[in-house]
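Have the sequence and the model open while I talk, and stop me whenever you like.

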Amino acid sequence: MSEPGFSSSSRWRQFLTPSLADILVISIAARLFLIGDGWTGLLADGDTGWHIRTGQWILEHGQVPDRDLFSFTRAGEAWYAWEWLSDVGLALVHDHWGLSGIAVLSGGLVGLSAAALFRSMLKLGVHPFLAVAAMFPTVMASSIHYLARPHLFTILLMAVSCGILIGDRRSRSPRVWILPPLAALWANLHAGFLSLLATLALLSAGLALEGWLDPTRRAERWPQARRYGLLLAASAAATLVNPYGWSLHGHIGRYLTSDWIRNTIQEFQSPSFRSENMLHFELLLVAGLITSGVLLARKEIANALLMVAWAHMALSSVRHIPLFAIVTVPLAAEAASRWWEQAAARRTERSSSRILWALGSDLAPSFRQHTAWAALLGAVLIWLTPASKWPRDFPSGLFPTELVRLESSRLKAGRVFTSDQWADYLIYYHWPEQKVFFDGRSDFYGPSIGNDYLKVITGRRQWEEILLKYDIDLALAPAAWPLVSLLEQHPGWTKVREDKVGVLFERRD
């Protein structure tokens, strides 16, 4: 048998043999989607609704919208559908498999992201046991953003991009030039493509600084800094390949620097360390900051700069926590792996530390490869999912599903004031007949309408004037809103129906 044939046969045997990496990723998916809310939990954000309808509009009209489709407050005004390609993907899946298909697609993106992150750690030479241990707090900290929205593509592409950069830094390869076309794709999926540009900028600056501070490494570091600087320029240019060109970048810049957005939109605010997810994030944060100190002592400024910068962004905005974990966890796990290796080498051969190190090293090849069994185990996971875990609608504990169904005709005929999340659901349920006051596209509505919305939901003095200003004749309010008490006592409004999460009021003639 020739050597090439033997090599090919060997690769096929490996591909068809189950690996521990497959079992790990499927175990994480099972923990996420077979316990608690299951697949339905991925639909806890109403934005999924308008993303699906946007994608359907694009498929029907063969173009990307540049005007508003969903509101009566800003109907026909300029709007950037900056996640249009994600919307098309969601619409195609929904049209064939409904909300269950949307859940499976989203769960698949989560699983692929976890697999890419795990592979990045193994590329860095992290001990498999440490890599496994690092995965679970990473997934738990990131799970607050495991929702069926386009940002899941950013989580996946960030994990893939960091893996490519890790591989290139260990052994220079032309594969790294995959990143510019990846950036072009990313710019049409989600605005998170800026995270790749920020990472490349930090990496290039850190390497240049290493070369400047240490003349003995200058000949090595400055060419690397130029390489990643060129990669940054190429990737930035590639992101212009989108339906809006430069205008997309300007719009995103205004959106991210808006004080109103940062002060009012929850996912742009700092994390609150009062949940299990945030305790996992706190653990990763401490590990990352300790590691950055170790890296600075070794004069590895580029890696330390990446960790500190992403820690700052995660503490400034909860939406950056998954990206912080993707950048930080491999570097922290590598530092811990080095320390363990050195400690084990000083111990006797029968010490538990050395035995565990040797055992993990022996098992390492089985962790390094994902095989055909990953897809098979994923299919088994879907098959084992109880019927109660599959979404037939958005979660009834978060959305007024029954009330909307019963009062469908009334809602479609009126001008409804409701929460941004419930407006997203109304778009999903009733569009194109239903138009809304304010939905999850906060970048589109801006401070003017956004502040009117906030005044009404908090029951400020101007609430009645604002409802009259926009000719609102229906109010679909969460039961906990102060507005509910005000409407119940107001002679100009009548309670029509109430369910376990919301109340529908109608203005008297």
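Predicted model: local features only at pLDDT ≥ 70, side-chain atom pairs only at ≥ 80, totals over all residues.

Let's begin at Lys299, which counts as partly exposed because its relative accessibility is 47%. You'll find Lys299 in the loop that joins helix H12 (276–297) to helix H13 (301–316).

Asp471 sits in the loop between helix H21 (463–469) and strand E2 (474–478). With a relative accessible area of 51%, Asp471 is exposed, the cut-off for that class being over 50%.

While we're on backbone geometry, have a look at the step from Trp431 to Pro432. That peptide bond is cis, and its omega is near 15°. Pro432 belongs to the loop between helix H19 (420–430) and H20.

Now to helix packing. Helix H7, residues 179–189, and helix H8, residues 193–213, have axes that come within 8 Å of each other and cross at roughly 145°. Which residues meet there? From H7 we have Leu179, Ala183, Trp186 and Ala187, and they meet Phe193, Ser195 and Leu196 of H8. Sorted by class, this contact has 6 nonpolar residues, 1 polar residue and no charged ones.

From that pair, move along to helix H10, residues 246–256. Its buried residues are Leu248, His251, Ile252 and Tyr255. Why can we say that they line one face of the helix? Looking down the axis of H10, the buried residues fall within an arc of 100°, so one face is what they line. Trp246 and Arg254 are exposed, on the other side of H10. As for partners, the buried residues of H10 pack against H7 and H8, and also against helix H11 (259–264) and helix H20 (442–457).

H11 brings me to Trp260, which lies in that helix. Is Trp260 buried or exposed? Its relative accessibility is 12%, so Trp260 counts as buried. If we set aside neighbours within four places in sequence, the contacts of Trp260 are Ile265, Phe438, Ser442, Gly446, Pro447, Gly450, Asn451 and Leu454. Take Asn451 from that list: 191 residues separate it from Trp260 in sequence, yet the two C-alpha atoms are 9.0 Å apart in space.

A brief stop at Ser353, in helix H15, residues 352–367. Ser353 has a relative accessible area of 15% and is therefore buried. Beyond four places in sequence, Ser353 is in contact with Trp340, Ala344 and Arg347.

The largest nonpolar core has 147 residues, and the members that touch the most others are Met121, Met135, Phe417 and Phe437. Which helix gives the most to this core? That would be helix H4, residues 84–123, with 15 residues.

Last topic: the aromatic rings. A pair of rings is described by how far apart the centres are and by the angle of the planes. How many aromatic pairs are there? The count comes to 23. One of them joins Phe70 and Trp79, an edge-to-face pair at 6.1 Å centre to centre with 70° between the planes. Phe70 and Trp79 are both buried. Then there are Phe394 and Phe399, whose ring centres are 5.3 Å apart; their planes stand at 75°, so this pair is edge-to-face. Phe394 is buried, at 2% relative accessible area, and Phe399 is buried too, at 1%.

Finally, ring pairs link a whole cluster: Phe72, Phe417, Phe437, Phe438, Phe444, Tyr445, Tyr453, Tyr470 and Trp481. Some of these names have already come up this morning. Phe417 and Phe437 were among the residues touching the most other members of the core, and Phe438 was one of the contacts of Trp260.

That's my tour, and I'm happy to go back to any of these places with you.

Key
Residues numbered from 1 in each chain as written. Heavy atoms only, no water. Axes fitted to C-alpha atoms, helices over the stretch in contact; angles between N-to-C directions. Helix = DSSP H or I, 4+ residues; strand = E, 2+ residues; numbered from the N terminus. Contact = heavy atoms within 4.5 Å. Nonpolar A, V, L, I, M, F, W, Y, C, P; charged D, E, K, R; others polar. Buried < 20%, exposed > 50% of the residue type's maximum accessible area, 1.4 Å probe, protein only. Arc of directions from axis to C-beta. Core = buried A, V, L, I, M, F, W, Y, C linked by side-chain atoms within 4.5 Å. Phe/Tyr/Trp six-rings, centres within 6.5 Å; stacked < 30°, edge-to-face > 60°.
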